[in-house]
Amino acid sequence: MKKTLALLLTLVLILGLLAGCGSSGSSPAPASSETPAASEPPASPAAPETPAASEAPAASESPAAPAESETPAASESPAAPSEEPEPAGVNTVILKEADDKMINTYTLLAVNPDAPFVDADGNPVSDVAVNTAGAEALIDWFLSAEGKKLAADYGQAEYGDSLFYLLDGAPVYEGEITPATDETGTIRLSTTTSVNDSGLLGALLPVFESEYGYKVEIQSAGTGKAIAAAKYGNADLILVHSKSQEETFVADGFATVLPGFESERLSFLYNYFVLCGPADDPAGVKDCASVLDAFAAIADGKYPFISRGDGSGTHTKELSLWPEALGITAEADSFADYTDWYVSANAGMGSCLVMAEQMGAYILTDKATFLTFQANNGVM
Amino acid sequence: MQTALQKAIELILSGDRELANILLVTARTCVSSSLISLLIGVPIGIWLGTGRFRGRQALVVIFRTLMGMPPVVCGLLMYMLFSGVGPFRRFKLLFTVTIMIIAQVVLITPLVIANLETYVSSVADTVRETARGLGFGRWKTLLLLSNECIYPIFSTYLLAFARSIAEVGAVSMVGGAIAWKTNVMTTAIMLYTNRGDFTLGIALGIILIAISLLVNIAVTVMQRRLSR
């Protein structure tokens, strides 16, 4: 009796293992199918990228003042991507960009040490440790001539195009930057994935750290989570890109006005969200007059669309672009009827891009992450 | 897969400083958390396995239930407790290796307890009878029992280590996956996956399993030697 039981158990285990191997064996397949492309050094995608360099001056001139009046920029840029030869391996291309509706502004906010913090049960908490001096130094540096120049130049060498542009009329800091002391040495920066995944912070922060002796700890998550971390007293400053969420954050009293600045929200960088999709563009997005029409066309034809679905800045922006009649919001109920084409991925930008590439779907992404994705031949 | 394997080997050979740091943090976290939970869990497991008192079964059931605690829930709990607004804020532990170890100990200890309790309760009666036959006192009986337990303790340690090195939910929650500080193998794999770099993710996965293999070989050899 015992022997048969043992035998049965072993059989079940072996079967389970086999089943497990079978399913896990199929999942890495997409990765391995990409191997020929991945084994090539990124030198080859860099070459087709060069036409973008010639377009760069135009792009960086026209959006200099990203005001509503900037319609010519919108009409000239959508044509540009079509000239761009497609790098091998990536079928997802930029279909719509530089639309006024798609400006993506990055904002710095220092956390107010005397904010109305509450614990998980809603009881007020007063002695939350926030390193305001450190946050101030980092923000001062970001807004100094040096920080701005480094940020604006980032990406030129690698992608032939700046990934971020300086906002016209961004706040300026010209004073001294306080070096680190023992108490202010560690700065907790809570930020959105795009500035970290695109490599911007990795390029900028070491300069700041070595110059002023600070140590910056970056937690990168979607804007929603980045703001939540600050509300729980786990960040000294945030760098995010969702105006509505930032305004709520300020209105709730969680941000502070730093000496020498006029507002809590210090917007200084911007780039564009871009609408990407399969190169053959079945929804005809390229010919749409505006990005709103493009989103309407996708919804009309029920073409697959990947949504971040994670409360990030990109997600918030995407939600604002759908035709109002659809009623798509962050709530799962709101798109329950559209699941045949609307995919709420709840994942980072990179994973979503890979998903869009695999499914031939449309996707809204920040341009910086897309260029990184493209330069790496779709595997990043 | 082949590229991933190549990349894994390249990564190791290149002596990448960030990888070295990630490995170091991973080792610190896993070894500490698995050893601490062993230190806490083994005595409790033996006590539960041999004890005859009211509520013993209830305790066993509780620990068995805690084995199924989702890591991310454990992480969330620790995050709330040690947050800037949480009750333990003055320890300033959030986003440190220490809090990662604490979270993993909370996660793994029930596993050690339940696992050991199962074994001990199955041999306790035999050991007791043998000890009575040999005329052993309480203390000697406990020694005899502990001697019997050496083999399962090693397997339990491996279980704890495996859970700890493979775990991502809790450490990413309380550690924040901060580069050069709290980024471990699993959170690094998550980061690369989120960026869409699947190949590098798999490469790190291969390295992780290789380390796991080495530890398992070492512990198994020790187990054979010591319990012979």
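Is α8(B) mostly covered or mostly open? I'll come to that after some housekeeping. This is a predicted model, in which local features need pLDDT of at least 70 and side-chain atom pairs count only at pLDDT 80 or more, while totals for chains, interfaces and linings use all residues. Residues are numbered from 1 along each chain as its sequence is written, and chains are lettered from A and ligands numbered from 1 in the order in which they are written.

Now the helix. α8(B) is mostly covered, with 10 of its 10 residues buried. Buried here means that 20 or more other C-beta atoms, placed from the backbone, lie within 10 Å of the residue's own; exposed means 12 or fewer, and partly exposed is in between. Helices are DSSP runs of H or I of at least four residues, strands are runs of E of at least two, and both are numbered from the N terminus. The buried residues include Met185(B), Ile189(B) and Tyr192(B). What covers them comes from both chains: α10 (193–197) and α16 (349–359) of chain A are included, as are α2 (17–50), α6 (138–166), α7 and α9 of chain B. After α8(B) comes Gly196(B), with a positive phi near 90°.

Chain B as a whole has nine helices and zero strands. Its C-alpha trace spans about 65 × 45 × 25 Å along the principal axes. Of its 228 residues, 44% count as buried. Contact means C-beta atoms, placed from the backbone, within 7 Å. Among contacts in chain B with a separation of 6 or more, 76% are between residues 24 or more positions apart.

One residue to look at is Gly175(B), in helix α7 (residues 169–175) of chain B. Why does Gly175(B) count as buried? Because 27 other C-beta atoms lie within 10 Å. Leaving out residues up to four places away in sequence, Gly175(B) touches Phe95(B), Met100(B), Thr182(B) and Thr187(B). Its C-alpha atom is separated by 5.9 Å from that of Thr96(B), 79 residues away along the chain.

Next, the contact between the chains. It takes 24 residues from chain B and 30 residues from chain A. On the chain B side, α1 (2–14), α8 (185–194) and α9 (198–226) each supply at least two residues. The largest share, three residues, comes from α9(B). By class, that side of chain B has nine nonpolar, 10 polar and five charged residues. For the classes, Ala, Val, Leu, Ile, Met, Phe, Trp, Tyr, Cys and Pro are nonpolar, Asp, Glu, Lys and Arg are charged, and the others, Gly among them, are polar.

Over to chain A. The domain assignment, automatic or from a database, gives domain 1 (37–103 + 273–375) and domain 2 (104–270). Between them, 28 residues of domain 1 are in contact with 24 residues of domain 2.

Last, the cores. A nonpolar core is a set of buried Ala, Val, Leu, Ile, Met, Phe, Trp, Tyr and Cys residues joined through C-beta atoms within 7 Å. The largest has 93 residues, and among those touching the most other members are Val111(A), Leu237(A) and Cys276(A). Strand β8 (residues 266–278) of chain A gives the largest share, eight residues. Both domains of chain A contribute at least three residues each. Apart from this core lies another of 58 residues, including Cys74(B), Val171(B), Val184(B) and Tyr192(B).

Conventions. Two residues are in contact if their C-beta atoms, placed from the backbone, lie within 7 Å.
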